[in-house]
Amino acid sequence: MNTTTSQDGTILAYEIAGSGPPLVYITGACCHRTFAPVRQDVKVFATRFRILSYDRRGRGGSGDRQPWSLEREVEDVEAMIDALGGSAFLYGHSSGAIIALEAARELGARVLGSVLYDASWVADSAEAETYAALRDEVDGLVERGKGGAAIRRFLGGIGMPRVFTTMLPLLPGWRRMRALAPTLRYDMALTASPPQPGVAAGIASPLRVLVGEKSPASLHAVATSVAGDAGLTPRTVPGQDHMVDARVLLPELLALVPKGAV
């Protein structure tokens, strides 16, 4: 594990693996760099990229200075890009895709290109209203120190099967996941409203907007909206749901890289 410091003084933990074009991996909710699915993704990506995975603020080995904001998350991405030498490709999953897109907007030429997978904004005002009620429930549970219940309520509220959320406390890694409950506030703030018109307009670096074939219809609607802003068509990844197989995703990442650079 390595550490660096973001602009507001937050200590950020990260790891680098592999060789090739530099790539920053930005995770979504309820995980960080030491979780088994993230480790597996990194293992695959490291076959072709110099991949940096990091603990977003409030998670794992990273600090959590307040106040939180999307701008602070983008500053954290910039610190990760610095750790890779000053420029990098970005891969953002779920709420991490929202951070990746904002970083591509704000950091200019330092971002060489971005892949967004299942960017998890709510799709419309009706979904935003339902999500606001869920957000209030989760926030209340966190406030009362009921981190485990908050995680389970969040995952159930976004569509995870009841049998899965019921079994979570019995699974390896539950203690680490439960500790992430306060950061649900960050991910839910990122995703609480539909993407603003023009959110992807004017991004100069290459952009690929992906959605899993088996992912919820609302994520397909979001992908269509975001890609349309950039004058693109979203790419539906065959056979995949929200937890995409890194082996399927790798060619999508490589498509960003100029020929001869890999």
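Where is the place of C30? In this predicted model, residues are numbered from 1 along each chain as its sequence is written, and local features need pLDDT of at least 70, side-chain atom pairs count only at pLDDT 80 or more, and totals for chains, interfaces and linings use all residues. Side-chain values use heavy atoms, with hydrogens and water left out. C30 lies in the loop between β3 and α1, where helices (H or I, at least four residues) and strands (E, at least two) are DSSP runs numbered from the N terminus. Although C30 is not a glycine, its phi is positive, at about 65 degrees. With 7% relative accessibility, C30 counts as buried (under 20% relative accessible area, with exposed meaning over 50% and partly exposed in between, for a 1.4 Å probe and protein chains only).

At 10% relative accessibility, S94 counts as buried. Another backbone feature is the cis peptide bond from Q66 to P67, with omega near 0 degrees; P67 belongs to the loop between β4 and α2 (70-83).

The sheet comes next. Eight strands form an open sheet with mixed pairing, in the order β1-β2-β4-β3-β5-β6-β7-β8; two strands pair if DSSP finds at least two bridges between them. At the edges stand β1 (2-5) and β8 (235-237), each of which pairs on one side only. From one strand to the next, the twist averages 30 degrees (angles run from 0 to 180 degrees between N-to-C directions, and axes are lines fitted to C-alpha atoms, for helices over the stretch in contact). Helix α1 packs on this sheet and touches β2, β3, β4 and β5, its direction making about 165 degrees with that of β3; contact means heavy atoms within 4.5 Å.

Strand β4 (residues 50-54) is largely enclosed by the rest of the structure, because four of its five residues are buried. Strand β2 (residues 11-17) pairs with β4 in the antiparallel sense over four bridges, and I16 stands opposite L52 in β4. Strand β3 (residues 22-26) runs parallel to β4 and is joined to β4 by four bridges; here the bridge partner of L23 is I51. Together, β3, helix α1 (residues 36-45) and β4 make a right-handed β-α-β unit, that is, with the strands pointing away from the viewer, the path from the first strand over the helix to the second runs clockwise. The loop between α1 and β4 holds R48, which counts as partly exposed at 36% relative accessibility. Further along, strand β5 (residues 88-93) and strand β6 (residues 111-117) pair in the parallel sense over six bridges, with A88 having V111 as its bridge partner in β6.

Helix α3 (residues 95-106) and helix α8 (residues 184-191) pack at an angle of about 65 degrees, and their axes are 9 Å apart. Their crossing is left-handed, meaning that the near helix is turned anticlockwise from the far one by less than a right angle. On the α3 side, S95, I98 and I99 meet D187, L190 and T191 of α8. The residues of this contact divide into three nonpolar, two polar and one charged (Ala, Val, Leu, Ile, Met, Phe, Trp, Tyr, Cys and Pro count as nonpolar, Asp, Glu, Lys and Arg as charged, and the others, Gly among them, as polar).
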